[in-house]
Amino acid sequence: MAEQMEKKGIIIAGGSLTPAFAEKILAEEERRGTGALCLAAADAGLEVLDAIGRIPSLLVGDLDSLRPELLDRYENRKELELLRHNPVKDASDLELCIEVMAARGVRELTVLGALGGRADHLLANIRLCYSAALQNISLVLLDPLNRIRCVVPGESGEAVLKIRRAEQWGRYIGLLPVGGSVEGLTLMGFRYPLEHFTLSYETSPSRTISNELVEEEGIIRFQSRERSGLLVMETGDREEREV
């Protein structure tokens, strides 16, 4: 297990998540068959995987949120690598899990169970998208209503992201700066277009939320001088999937 270098991974975190949604996303990823996939649990995420009969290859965290009887059943499983941490630590279980997978070569990560619940965990998890992007890791937080990721410009200082309507997760698209301001923000194919707009903490906090695509493809373009990033949130008003 430790020697494997999977390029894609799914982490099941301990936040709001139904077994049905987790099973749906795992099945969809397996149907794509795009390569080796590492399945990991961050602490209480193991509860959801156990409910759907899935065994992760990696379990990371202080494990203080797991039922003792569940931990007893899994801690000696040969197919499961357990990395247990002291509860007195400087990083969340999810952050620790991301660090382990990144160190093993995983470059595309989807996290389920990172949204909802406690506001401090929610905001910290969203910030993890930015820190991952700075390391050239694609980190996506996913639930039935939201798909959240962060885009950071490369060496050129410019970033371009295309969103296809057919692949959009929810009806709305919201954009927020992180790590500083972004400049030259240009939106094409959107109901509310922008051209060379500077988006920062000083500008209207809600100006760039609740936008919609009016073309089959929307283009987001921006620049950043200090490697600040843009949080891209595809969201829906209500849960359309019965999960």
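Two strands pair if DSSP finds at least two bridges between them, and the strands themselves (E, at least two residues), like the helices (H or I, at least four), are DSSP runs numbered from the N terminus. The views below come from a predicted model, in which local features need pLDDT of at least 70, side-chain atom pairs count only at pLDDT 80 or more, and totals for chains, interfaces and linings use all residues. Residues are numbered from 1 along each chain as its sequence is written, and side-chain values use heavy atoms, leaving out hydrogens and water.

**View 1. Strand E1 with its two partners, E2 and E5.** Welcome to the first close-up. E1 (residues 8–12) pairs with strand E5 (residues 108–112) in the parallel sense over five bridges, and Ile11 stands opposite Val111 in E5. With strand E2 (residues 37–42), E1 also pairs in the parallel sense over five bridges; here Ile12 stands opposite Ala41.

**View 2. The residues of strand E1 and their burial.** Five of the five residues of E1 are buried (under 20% relative accessible area; exposed is over 50%, partly exposed in between, with a 1.4 Å probe and protein chains only). Lys8, Ile10 and Ile12 point one way from the strand, while Gly9 and Ile11 point the other way.

**View 3. The open sheet of nine strands.** Follow the order E4-E3-E2-E1-E5-E6-E7-E13-E9, where the pairing is mixed. At the edges stand E4 (81–84) and E9 (172–178), each with a single partner strand, so one side of each has no neighbour in the sheet. On average, neighbouring strands are turned by 20° against each other, direction ignored.

View 4. E3 and E4 pair in the parallel sense over four bridges, and the bridge partner of Leu59 in E4 is Leu82.

**View 5. Arg67 and its polar contact with Glu47.** Arg67 is found in the loop between strand E3 (58–61) and helix H3 (68–74), and is partly exposed, with a relative accessible area of 35%. Glu47 is 20 residues away from Arg67 in sequence and 8.4 Å away in space, C-alpha to C-alpha. Their side chains are joined by a polar contact of 2.9 Å (a pair of N or O atoms within 3.5 Å; within protein, one must be able to donate a hydrogen and the other to accept it, and residues adjacent in sequence count only if both atoms are side-chain atoms).

Methods:
Axes fitted to C-alpha atoms, helices over the stretch in contact; angles between N-to-C directions.
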